[in-house]
Amino acid sequence: MKMQELMLVFFELRHVRSSSDRAGDGMTISERLQSVMYQIASDIKACGSACDAYLKKGFLMKTVKSGVYENRLAEFCAVFDDHKKTVELAMSVHVAVGMDTANEKLDHQQDRLRSIERKLDMITLFRKLDTPREKDINKFIESHGGARACITNDELLEELIIKSGELSVARISGKDNGRKSNDLPQIRKRLFKELQEDIDDTFKRNMVLFERKLEMQNKQLTDALHQESSNIISTLLSGAHDRIIDPDLQKIWKDMGWKGSVKARHFVLALHDYYTDLLNRQTSHPGKFDRSSISPLPSPAPRSPLSPTPSTARSSSFSIKKRPDDRWALAYINAAYVQPILEAVDDDGTGFVSVKEVNTFVESRPEGWSLPTWIAFWAVGWQASISKYKSQIYSLIQTMFQILEHVLPSNRRAIDEYLFHASFWRIELLLRSTRSINFKIMSDPDLARFTESYSVAEEERIDGNLKDVAYELDTPATVSLVTGEGRIERYIFPLIYLLLKRHLEVLKLACKHVLDTEELATLNESLVSVLLTVDDRIQNLEAVFKQTHLDVQGRFGNFAFGLFQLSYGDIRRVPIQNTLGTWVDEDENATGQKEVLTLESIKAGLQESSCEILKYGIQDAFHATDYYEFELHRLRASPNPIQGTWTGHCSRREGEENVTFLVRVSFKLSFDRKTLLGKGEDYSSTFNFSGTTSRGKGGYDFTFAITDDDGGLCRTCTGTLSLATDTITATWSDRRKKDNPDEVDYQSFILRRTPPFLYRYRYKQHEFSEDPVRARWSFACNAVLHQVQAKMWSRQFFERRFNDRKRFVELSVRDLVVSMGLTPQNPLSTAEKQELDYLRRDLDPSEARFYHALATFEIQKLPWHP
């Protein structure tokens, strides 16, 4: 809406006589607006990318994180308001140079207040635009302690999913009767990941893909304008048959007296009779036969996104030496092939062929192909093409399962989840239900040659479009953008083949490098987008078939060689019927036994550039956080007392338990001495922040805000440094604190200058109260002993560290297995829980975080079974 208001300002430029006219100061309107226009274009792209990233999120994902998205989207409204004001001012200055501009300038503080008001107005507007379901979900979340509390509780999470009504995953898996309890761990994992994800990182990653899609759409619109402009005038001024661009079809349409549309079967039979009559006349009177009636006419290239001009790529891809006649093609235009020809022309499946569909069918033929050749391809050649891709897809999937035994242990779980994802058994349904062609039919060399030519060219076109989006199909809209216009069944097998071929390369990299777990999840998302497009097509066909057929399931069996038959209705996974492992190529001309894959052959085929195909890069090393620049001895002379490293115990609630852990926070002041910069870490995460500090009574007050890694909400930390005790007392707060002030997350905690690796030896409060001297002496002795043993590489020192690491990893793995719903489970006993809590409280956060990463690494090695 704000973007639209900004665009309306540019409409006023119609009053400017010329962009080259100069005002009294010698500047043109284009020169005044040039700099701001680049920024406006950049902000429009950023806003479009943000909206695109938001729309791709599921309903439940958007709802639990609605506050963050609303604030960010509201900021764009303020940006466009500022741009509108800047453009209006530039236009006013242009027409009124020399006049008093004092009234046009606004006070900076007033602008800031108005900007805040506009943002608040947008937040209010967002609240008014909330649907009843969104209001119900938000009320449910707030009444049960916030998003994190709902996600960690199984009953609340299941109720939340039911209230959301989000069934996108169920559509792919075939589950449409609600969620089951064994789905909850995976759903919880996805929701926690969504909450932990930084929105700026999300928008930044999405911008790359968004710009690629924007470029594709721009080229697609340009191609469409060029292709359609030449037909607009003739279409408006002609009759029904005159609007048909092919002379043969025009003659048939005119002779039959058809109007705007005709029954598809009548159309195909009329084609059969027309070309049969031509063939008979050619056979009876070869010398008098006029060949011009079936000779190819210059026709545009197929209408598809990013298609090059006919004089370049199309001509090279489809350039075939013109044959003396098309008698070979006429043999396939007969009653035996009525159904596939009908489907090729009747694009929407309604049973009627319109003038537009006829022209679309004719225009989509490759350059240099005659109409009989094009019809013959759809009569027989297309089935041969999808049969070939069917065999190749089976072969690719079987190769993927062969690679399983060679992947690195750390990648096993992620690859198991990828291969056993619901998208694979949905692909198997498509493969199993599609009838393969009798390959003896392809003994005709002309048919085989044209079929191979078209298949190769289409594969190159789709592959080029996939490269433009980095093989990432985030939504069904992106799928349509890559495939172009037309029925999805025309492109489904080549598209799946090219995607799986790319995914196979990723799996080969998993044999040599550690991959990010999200890498394989992204691959599954691309397959899900393709299958959602298939589901939409099935729903549209179902609506059409129900009007004309009593047996819809049987109609799907005859449509597109049965491609959608097993994907319609009550679909479910039946392992005994799975053909991915038992499939054998039926083509007698296929090559013999496949090579046995070995780890050496896989690594030999990898190149250094292969890692560039990874979205998240390789994860062969643990990424630590360096804190040296925040240490006190490295800071400037006469530092502010708050600068340096502070350590203390902090607590938070995880599920039904309170977890206490050691946290380290490092502060330093910026160069202007006004901004407080910092970074922190605990046993599971790190964070950066910035805030402010000021001198207070008896010390220094400070405040800073970070995004909560668990809750996904903006949390504010407020604290005070006491110069008398040299300690910091701090508390966390966010919008949930008002409803839950007694939660452990919001209890105050104390930070001290004690180094984190020595904090485990520090005395407890009750020990200090009983005997301060003994408590301090014990702490000093243990701290010195630790430092001496570390410096001398004492055997006892390393044995103690090895034991801590072993127990932390072992206990954390067992705890994670239970919390993630994995099996077999071996829950921690009460004593073991206390031991794990002790390790979290007393280990240096840098060490504990490394050990926690090792535990997560062990989880990645576990096999996953659906």
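Visitor: Is Val788 buried, exposed or partly exposed?

Guide: Buried means under 20% relative accessible area, exposed over 50%, and partly exposed in between, with a 1.4 Å probe and protein chains only. Val788 has 38% relative accessibility, so it counts as partly exposed. This is a predicted model, where local features need pLDDT of at least 70, side-chain atom pairs count only at pLDDT 80 or more, and totals for chains, interfaces and linings use all residues. Residues are numbered from 1 along each chain as its sequence is written, and side-chain values use heavy atoms, with hydrogens and water left out.

Visitor: Which helix holds Val788?

Guide: Helices (H or I, at least four residues) and strands (E, at least two) are DSSP runs, numbered from the N terminus. Val788 sits in helix 28, residues 772-792.

Visitor: Which residues make the nonpolar surface patch of about 290 Å²?

Guide: Patch residues have over 30% relative accessible area and no salt bridge; nonpolar side chains (Val, Leu, Ile, Met, Phe, Trp, Tyr) are joined within 5 Å, like charges within 9 Å. A salt bridge puts a side-chain nitrogen of Lys or Arg within 4 Å of a carboxyl oxygen of Asp or Glu. Areas come from the Shrake-Rupley method with a 1.4 Å probe; for residues, only the protein chains shown count as cover. Here the patch consists of Val784, Val788 and Met792.

Visitor: How do I read strand 8?

Guide: In a regular strand, side chains alternate between the two faces of the sheet. Strand 8 spans residues 714-722. Arg715, Cys717, Gly719 and Leu721 point to one face and are buried.

Visitor: What pairs with strand 8?

Guide: Two strands pair if DSSP finds at least two bridges between them. Strand 8 runs antiparallel to strand 9 (residues 727-733), with seven bridges. Thr718 has Thr731 as its bridge partner. Four residues lie between the strands of this hairpin, and Asp726 takes a positive phi near 55°.

Visitor: Which residues touch the most other members of the largest nonpolar core?

Guide: A nonpolar core is a set of buried Ala, Val, Leu, Ile, Met, Phe, Trp, Tyr and Cys residues joined through side-chain atoms within 4.5 Å. The largest has 109 residues, and Phe267, Tyr418, Leu500 and Phe564 touch the most other members. Helix 18 (residues 371-403) gives the most to this core, with 18 residues. Another core, of 39 residues, lies apart from it, with Val665, Phe702, Leu721 and Leu828 among its members.
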